[in-house]
Amino acid sequence: MAALQKRRHYSVLVLLFMLLGTLWEAGAGQIHYSIPEELDKVSFVGNIAKDLGLEPRELAERGVRIVPKGRTQLFALNPRSGSLVTAGRIDREELCAQSEPCLVSFNILVEDKLNLYPVEVEIVDINDNAPRFLREELEVKIIENAALSSRFPLMEVYDPDVGVNSLQGFKLSGNSHFSVDVPSEANGPKYPELVLERALDREREAIHRLVLTAMDGGDPVRSGVARILVTVLDANDNAPVFTQSVYRVSVPENLPVGTPVVSVNARDQDEGAHAEVTYSFVRITEKISKTFCLNVLTGEISTSANLDYEDSSFYELDVEARDRPGLQDRAKVLISILDVNDNVPEVVVTSGSTSVAESTPPGTVIVLFQVYDRDSGLNGLVTCSISRSLPFELEKSVDNYYRLVTNTVLDREQVSLYNITVTATDKGMPSLSTEMLISLNVADINDNPPAFPHTSYSVYLPENNPRGASIFSVTAHDPDSHENAQVTYSLAEDTIQGGPLSSYISISSDTGVLYALRSFDCEQFHDLQLRVIASDSGDPPLSSNVSLSIFVLDQNDNTPEILYPAFPTDGSTGVELAPRSAEPGYLVTKVVAVDRDSGQNAWLSYRLLKASESGLFAVGLHTGEVRTARALLDRDALKQTLVVAVQDHGQPPLSATVTLTVAVADSLPDVLADLGSLEVPHDSDASGLTLYLVVAVAAVSCVFLAFVIVLLALRLRRWQRSHVLQASGGVPAGLPASHFVGVDGVQAFLQTYSHEISLTADSRSHVIFPQPNYADTLISQESCEKSEPLLIQEDFCKEQDSLVQ
């Protein structure tokens, strides 16, 4: 039943404290809650989501968390309800001792915005501790002649609670000789004193047994009990008396162990054994007993452990002086600890990132950290700084928090890693400092396209290259990293002579090596213009291009081609005519040749490789003209065979040859008379037909002579009939008068004619007649089908066709 009432009482207190916390928050600039101590774990403290203006689900989404100021986590966040709850049982006395009010401060961090909200929770005391005596039994010796109203200090009574729950009064068991009284002190432990109300008489009652009860003001009331044994002594008129009731001393915290702090002194007016005084601590805790020691004979107080201002800055000691009979006196020793700058500042990173994109705008928060110094005053004032050469700066936030922010745009290609040293320095003398290293990687973005080292490239490739051969390599560099720096190569689409560029050239997408997909011919094209594209693998990808010119170098791969004299398509051989009256230097014919190569590979030179008679003909070195080297003699053969070589200037040189047949005669009858002596070039396969060919040529010549005589007779007869023409002195139509000369009334041709006789392996002769040749040269390709102004030609051709058949 009592437990149920206690729980109801706690519930009422929780509601009351929540209401007070809400009112406090409305009037203050920070979030404030108030809860009683000793609440169960996960007990409700306040609706932190509502106070932050957030929905409960946003606590986890926005990374809301508690940043404690101490090492103990007393509270936690309930992400479902959005409330602040206790992380365990909270003991106000353990946190704040006798301090009032007991406030626990921490910060709420909203991670996505790196905003801090200070929160303060007041821990309200409940009556959970009963008053407690340091000793449950105490012996007090009182001289029998002690004066009335004499006071005798008793043991300390301590109640950790505060306010009405702390110690409120004492009750002494029924005894007419004594009463209990407490000196008025505002805070701290109570020191009850036993007051003598009636004179003592040792002979009547030597021992008095008392029960002292200490009570607090809580509901319900808690109490503590101590038993006091009063022994009545014989008279000792004088008690020891301290020279000072209060001893005050200040010492620095870096005082060495064993150093005397202060000496207390008490004097006793008695003599002998009653004047021997010993000293002892009256109020002593475990902490004080480990920090200070007291010489019981001299009263000297010295340190027994290192002092720490940050642990405790003030000590209050009660020293008792007692003589042998038991008379005593007490004095207070107040020891103030002076702060010394012996603590270096500490830097604690609350939140931050180890990587930042290079596109981050200025003012972006990188790291949020806190600095603090356990010292006080100027020794505890801390300033933070970083190198000014870095693109960062520090911004002061709430409490001792700092933000590390960017002050300019970062560039990973210039600096990819920053080692930022944060120096925290206090203002003590001498000042102490600490350094914290923050390593920050600059993440790459695709902000640089691949770059070629040159704006254009020229490649010189000899023609007739093998297919698939590597002809050139291009490389583009991308200063970005990872996939942003992975470069792939390609060719811009284009056409060459109506075909796609990809059928001529290919490129490796990974290495940039160009390959020829076909063998190039300088005679087809001399150069190729293409564009190489380099693209990275970023998102979005960036690219650049460069022009590439491929020049095809000529090689001597074409032999000279002879255009004239050209070989007839029917296999016949042309014959050139040279009159016997030709002077030295007479132009017989001209060899015309070309070379499809270029440069010096196409420079041609001509030379006489073979001749029937040496020294008769000469060939122009650069012109190819065949001229007589001397005058022709009667003994020179009618048929002259010349082999002319045409050679280029390539390396190695290439050449071609042509065989010329030159007939030496002054007139057509001479040619026909000696035609049988002409030897037609033949190959080894036609050697058996030579005899038959000679016979056929002789027969054809005889027939031809007969035909010419008949034809002349017919023409003479027609001339006689055309008296009209003779009377007018005219000539046959289409012929100039200079072509005829009158001999015995008959006009004869003065024009020189050349005859070309071709002997073939099938015993057929190809006779071309007549054809005027003003250069004294008969071209073998021309046939008799070409129209001539002479009427004799038509008849001759018809007759010849029937004769050949």
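The secondary structure of the protein comprises nine helices and 55 strands, where helices (H or I, at least four residues) and strands (E, at least two) are DSSP runs numbered from the N terminus. The model is predicted, with local features requiring pLDDT of at least 70 and side-chain atom pairs counted only at pLDDT 80 or more, whereas totals for chains, interfaces and linings use all residues. Residues are numbered from 1 along each chain as its sequence is written, and side-chain values use heavy atoms, with hydrogens and water left out.

Of the 805 residues in the protein, 41% are buried; the classes are buried (under 20% relative accessible area), exposed (over 50%) and partly exposed (in between), with a 1.4 Å probe and protein chains only. The protein exposes about 42900 Å², of which carbon and sulfur atoms supply 52%. Among contacts (heavy atoms within 4.5 Å) with a separation of 6 or more, 65% involve residues 24 or more positions apart.

Strand pairing was examined around strand 15 (residues 207-216), two strands being taken as paired if DSSP finds at least two bridges between them. Strand 12 (residues 167-172) runs antiparallel to strand 15 and is joined to strand 15 by five bridges. Strand 15 also pairs with strand 16 (residues 223-233), in the antiparallel sense and over nine bridges; a hairpin of six residues connects strand 15 to strand 16. Leu212 takes part in both pairings: Leu212 is the bridge partner of Leu172, and the bridge partner of Leu212 in strand 16 is Ala226.

Side chains of opposite charge can pair when their charged atoms come close. The structure holds 22 salt bridges, each defined as a side-chain nitrogen of Lys or Arg within 4 Å of a carboxyl oxygen of Asp or Glu. One of these is formed by Glu38 and Arg89, whose closest N and O atoms are 4.0 Å apart. This pair links distant parts of the chain, 51 residues apart: Glu38 lies in the loop between strand 1 (31-36) and strand 2 (44-46), and Arg89 in the loop between strand 5 (83-86) and helix 4 (92-96). Glu38 is partly exposed at 24% relative accessibility, whereas Arg89 is exposed, with a relative accessible area of 56%. Glu38 and Arg89 are linked with Asp40 in a network of salt bridges.

A salt bridge also joins the side chains of Glu316 and Lys332, at 3.0 Å from N to O. Glu316 belongs to strand 24 (residues 314-323) and Lys332 to strand 25 (residues 328-338), 16 residues apart. Glu316 is partly exposed at 26% relative accessibility, and Lys332 is likewise partly exposed, with a relative accessible area of 22%. In the salt bridge between Arg630 and Asp636, the N to O distance is 3.3 Å. Here Arg630 is partly exposed at 24% relative accessibility, whereas Asp636 is buried at 2%.

Leu563, Val592 and Val594 make a nonpolar surface patch of about 210 Å². Patches are made of residues with over 30% relative accessible area and no salt bridge, like charges being joined within 9 Å and nonpolar side chains (Val, Leu, Ile, Met, Phe, Trp, Tyr) within 5 Å. Leu563 is located in strand 43 (residues 561-564) and is partly exposed, with a relative accessible area of 43%.

Key. Areas by Shrake-Rupley, 256 points an atom, 1.4 Å probe, with all protein chains shown as cover.
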